[in-house]
Amino acid sequence: MLRRFTPLNGMRPEALVALARRTRRLQAPKGRLLFSEGEEHKRTYYLLSGTVELLAEGEVVTLVGSGTPKSKVPLAHALPRPYSAVVVSDRIEYLLIDSEFLDVVVTWDQTGSYKVTELQGIEEDAAGADDWMTALLRTRAFHKVPPANIQAVFMRLERVEHRAGDIVIKQGEEGEYFYVVANGRCAVTRETPLTRSGVRLAELTMGDTFGEEALISDAPRNATVSMLTDGSLMRLSKKDFRQLLHEPLLNWIDYAQARQVTSSGGQWIDVRLPAEFEHYHADDALNIPAHSLRLKMKSLDRNRRYVVCCDTGRRSSACAYLLSERGFDVSVLRDGLGTTEIALKALAPQ
């Protein structure tokens, strides 16, 4: 079912399996509002059956019916939403996917180094792996990690098993690791002069993170974390944490700056799949999908400046990092084409 849609139709089977576990198949009756104009919730909608009306300022601008070219791409996927979407057939079926998770899986898949088994911790339960991974992707702490480093973070995380009552980190000690709760529950407590046994500050569950403060500040641990139940933690060493939290040497530019570069002899490189590129793209852009960048790199001019783009900035940042390591003069379009007038024109009624 996922293979009906772009860019999912270009993904490898193992990546689709991981994505399918985080995809919801839903129905909505006639008259239901799927999303509103101006909304910024990071959700991706694919239409399976039926017809949806897209409206701007209350006026109908176009219809999207299942099986049509417009239904092969996500519904009004630019953020903030340029249109509202209302069901006009008796009912519709649609797929709903967390946009952040979709973007990460597409990036891993198309950069050619994503393996589901590697990201799942080898012997752990597959569905459980996706649960904590998805929860982690939504945390504010994880959003500090540059997109080009996301894969490296997951590859370097080490699984540690704990029993109920184990002390994971102790107040006053030096910090050595950043932790993510994969399963189980933890208690966060802090000793005070009046309460040597500690005051409980919080309870942590799957996807919660802890330990970063001491690594960032080089100060002693300011609380104790202990296991309330048996569970598994993923940990990242202090060295890896610091290295991967630093922004890679990428030159981020906005759309106006990118247009100045390309109008002055620079060149767009669009690293999305051909079907995505066909839907909308910058004028005179080269389409070099992320998975084939290494093969086609030799054809690029080292004396020319390039602006790498995708729909969100995640795939393009990974590709730009690869190009910059190889000595190319490259910039990355901040936030991707999905926020530009190029995408809005593609979504406009024909």
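# Notebook: one chain, predicted model

**Overview.** I counted 12 helices and 20 strands in the chain. The model is predicted, and I kept that in mind for every entry below. Of the 350 residues in the chain, 51% count as buried. I then looked up the contacts with a separation of 6 or more: residues 24 or more positions apart account for 75% of them.

**H1 against H2.** I wanted the packing of this helix pair. Two packed helices are described by the angle between their axes and the distance between the axes. For helix H1 (residues 13–20) and helix H2 (residues 99–110) I noted an angle of about 170 degrees, with the axes 10 Å apart. Since angles over 145 degrees count as roughly antiparallel, H1 is roughly antiparallel to H2.

Which residues of H1 and H2 meet? On the H1 side I listed Ala-15, Ala-18 and Leu-19, and on the H2 side Phe-101, Leu-102, Val-105 and Asp-109. Sorted by class, this contact has six nonpolar residues, no polar ones and one charged residue.

**H2 by itself.** I checked the length of H2 against its residue count. The expected span is 1.5 Å times one less than the number of residues, so the 12 residues of H2 should span 16 Å. The C-alpha atoms at the ends of H2 are 16 Å apart, which agrees.

Is H2 buried or exposed? I found 12 of its 12 residues buried, so H2 is largely enclosed by the rest of the structure. The buried residues include the charged-class Glu-100, Asp-103 and Asp-109, as well as Phe-101, Val-104 and Trp-108.

I also looked at how H2 begins. Asp-98 caps the N-terminal end of H2, with a side-chain oxygen 3.1 Å from the backbone nitrogen of Glu-100.

**Backbone exceptions.** Most residues other than glycine have a negative phi, and most peptide bonds are trans.

I logged a cis peptide bond from Thr-6 to Pro-7, with omega near 5 degrees. Pro-7 sits in the segment before H1. I logged another cis bond from Leu-79 to Pro-80, with omega near -5 degrees. Pro-80 is in the loop between strand S5 (59–65) and strand S6 (84–87).

The loop between S5 and S6 also holds Ala-76. Ala-76 is not a glycine, but I read a positive phi of about 35 degrees for it. With a relative accessible area of 3%, Ala-76 is buried, the cut-off being under 20%.

Glu-57 is another non-glycine residue with a positive phi, about 55 degrees. I placed Glu-57 in the loop between strand S4 (51–56) and S5. Its relative accessible area is 72%, so Glu-57 is exposed.

**Ser-49.** I found Ser-49 in strand S3 (residues 43–49). At 24% relative accessibility, Ser-49 counts as partly exposed. What does Ser-49 touch, not counting residues up to four places away in sequence? I listed Ser-66, Arg-91, Ile-92 and Glu-93. I also took the C-alpha separation of Ser-49 and Gly-65, which are 16 residues apart along the chain, and got 7.4 Å.

**Met-155.** I located Met-155 in helix H5 (residues 150–156). Its relative accessibility is 37%, so Met-155 counts as partly exposed. Met-155 and Leu-236 are 81 residues apart in sequence, and I found 9.8 Å between their C-alpha atoms.

**Pro-220.** Pro-220 is in the loop between helix H6 (212–217) and strand S14 (224–227). I noted 52% relative accessibility, so Pro-220 counts as exposed; the cut-off for exposed is over 50%. Leaving out residues up to four places away in sequence, Pro-220 touches Gly-172, Glu-173 and Ala-214. I also checked Glu-174, which is 46 residues from Pro-220 along the chain. The C-alpha atoms of Pro-220 and Glu-174 are separated by 4.8 Å.

**Asn-303.** My last entry is on the loop between helix H10 (293–296) and strand S19 (305–309), where Asn-303 lies. With a relative accessibility of 77%, Asn-303 counts as exposed.

Notes:
Residues numbered from 1 in each chain as written. Predicted model: local features only at pLDDT ≥ 70, side-chain atom pairs only at ≥ 80, totals over all residues. Heavy atoms only, no water. Axes fitted to C-alpha atoms, helices over the stretch in contact; angles between N-to-C directions. Helix = DSSP H or I, 4+ residues; strand = E, 2+ residues; numbered from the N terminus. Parallel < 35°, antiparallel > 145°, perpendicular 65-115°, else oblique. Contact = heavy atoms within 4.5 Å. Buried < 20%, exposed > 50% of the residue type's maximum accessible area, 1.4 Å probe, protein only. Polar contact = N/O pair within 3.5 Å; in protein donor to acceptor, adjacent residues only side chain to side chain.
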